[in-house]
Amino acid sequence: MAEETGTKLEFWGGKFASLVPFFVYLVVMIYVNLILGTMDWGASAAIVCFALVIGSILCKTPGKYWSVAIKGMATPGCMYINMMLFLVSIFAYVIRYCDLSSGLVWFGLSIGITGSAFAVFAFFATAVMSTATGSTFASLFTAFPVLYPAGVMLGCTPAILAGAIYCGSHFGNNLAPVADTTILSATTQFYKNGPNAGENADIPGCVATRFKYCLLGALLAVIYYFVVGGQGTVVASPADLGSTYTPLPLVMLLPVALTVIIAFKTRDVFIAASIGTVVAMATGLVTGLITFSDIISFQGGTSSGIIMDGFNGMLSIVLVIMIFYGVSETMHASGIFETLVGGLAK
């Protein structure tokens, strides 16, 4: 950290002025997200960058301020998180392009479930999707258009079904070793004791610790969905809808399972996501679920495909994280954290 290398920043207004960039970002994002109803990571990156500029104006030595901020952005921890997010995002897009959700729907329809049973199945299906992709939004936007219409026609209570899909899409984001939430929560914490003291908490260990709590939450959710999820009107049978879907995308569960197994065996998500992405692409190509042009293509001066979508889909989030590391480093250099911790310890 900055204070460990002798760098000290002084602000007009004292140490607490170093918190201004953080609160500028917080207030503006609350206004944009809650009042205007806009969720835009690109805007979030721009706002936190502007907040960093405000901090430089409040600092008595702006040149030193920017040196400290850039040093924070370039820390190994920041680069570790950002590169990992890029990699797991590409993996998530492979699974999404291969349309795993439609294969899960086929499975549910093939065993003839309707009503509340389908609501429970919708929860499990989206939980599998979110665990596979590590992304709430990717799971939600992929599964909802497939599961919701089918479930309503099969007699599910519409509001309960929507809730089941939404909750399932959050399940994996909290638990999957390739989820951005899991990665950030683990890699920003450190071991205090033992042989790994001072190192980042390992992601598979974090997942293993959370599992029992997630399982309890899932059990309570399943009971609720089963009790109240079948109060709709059945207007179609599973046989009527089954021909719309195909079981082929279920093969993508193999690279998903392989990725999770490797993550726990090696305790290294980089290795797991790298192997998982290559195996998933190969599986998709061999089965015809994707083509080479789906992976990456160049037409009309623009690029598209899984690799580009995965990269672009995570770019704004990576920028937010990187700039926030810079903001955090300037706050460390001001000494505000020690002041706050000392005040709380009294």
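## Terms and basis of the model

The model is predicted, and local features need a pLDDT of at least 70, side-chain atom pairs count only at pLDDT 80 or more, and totals for chains, interfaces and linings use all residues. Residues are numbered from 1 along each chain as its sequence is written, and side-chain values use heavy atoms, with hydrogens and water left out.

## The chain as a whole

The secondary structure of the protein chain comes to 16 helices and 2 strands, where helices (H or I, at least four residues) and strands (E, at least two) are DSSP runs numbered from the N terminus. Along the principal axes, the C-alpha atoms of the protein chain fill a box of roughly 70 × 50 × 45 Å.

Of the 346 residues, 45% count as buried; buried means under 20% relative accessible area, exposed means over 50%, and partly exposed lies in between, with a 1.4 Å probe and protein chains only. The accessible surface of the chain is about 16,500 Å², of which 71% belongs to carbon and sulfur atoms, the areas coming from the Shrake-Rupley method with a 1.4 Å probe and, for residues, only the protein chains shown counting as cover. Among contacts with a separation of 6 or more, 76% are accounted for by residues 24 or more positions apart, a contact meaning heavy atoms within 4.5 Å.

## Packing of α8 and α10

Helix α8 (residues 158-175) packs against helix α10 (residues 203-228) at an angle of about 175 degrees, and their axes are 10 Å apart; the axes are lines fitted to C-alpha atoms, for helices over the stretch in contact, and the angles run from 0 to 180 degrees between N-to-C directions. The two helices, α8 and α10, are therefore roughly antiparallel to each other. On the α8 side the contact is made by I160, G163, A164, C167, F171, N174 and L175, and on the α10 side by V207, R210, F211, C214, A218, Y224, Y225 and V228.

A nonpolar surface patch of about 790 Å² is made by F22, F23, L26, I30, Y31, L34, I35 and L36. Patches consist of residues with over 30% relative accessible area and no salt bridge, with like charges joined within 9 Å and nonpolar side chains (Val, Leu, Ile, Met, Phe, Trp, Tyr) within 5 Å; a salt bridge is a side-chain nitrogen of Lys or Arg within 4 Å of a carboxyl oxygen of Asp or Glu. Within this patch, L26 belongs to helix α1 (residues 20-35) and, at 34% relative accessibility, counts as partly exposed.

Helix α2 (residues 41-58) contains A46, which is partly exposed with a relative accessible area of 48% and lies 11 Å from M29, C-alpha to C-alpha, across 17 residues of sequence. S56 is also placed in α2, but at 8% relative accessibility S56 counts as buried, and, leaving aside residues up to four places away in sequence, S56 touches P62, Y65 and W66.

D99 is found in the loop between α4 (76-97) and α5 (100-110), where its phi is near 60 degrees, a positive value in a residue other than glycine. At 32% relative accessibility, D99 counts as partly exposed.

G284, in helix α13 (residues 269-287), counts as buried at 0% relative accessibility. Not counting residues up to four places away in sequence, G284 touches C98, M252, L289 and I290, while G284 and V251 are 33 residues apart in sequence and 8.6 Å apart in space, C-alpha to C-alpha.

Technical notes
Parallel < 35°, antiparallel > 145°, perpendicular 65-115°, else oblique.
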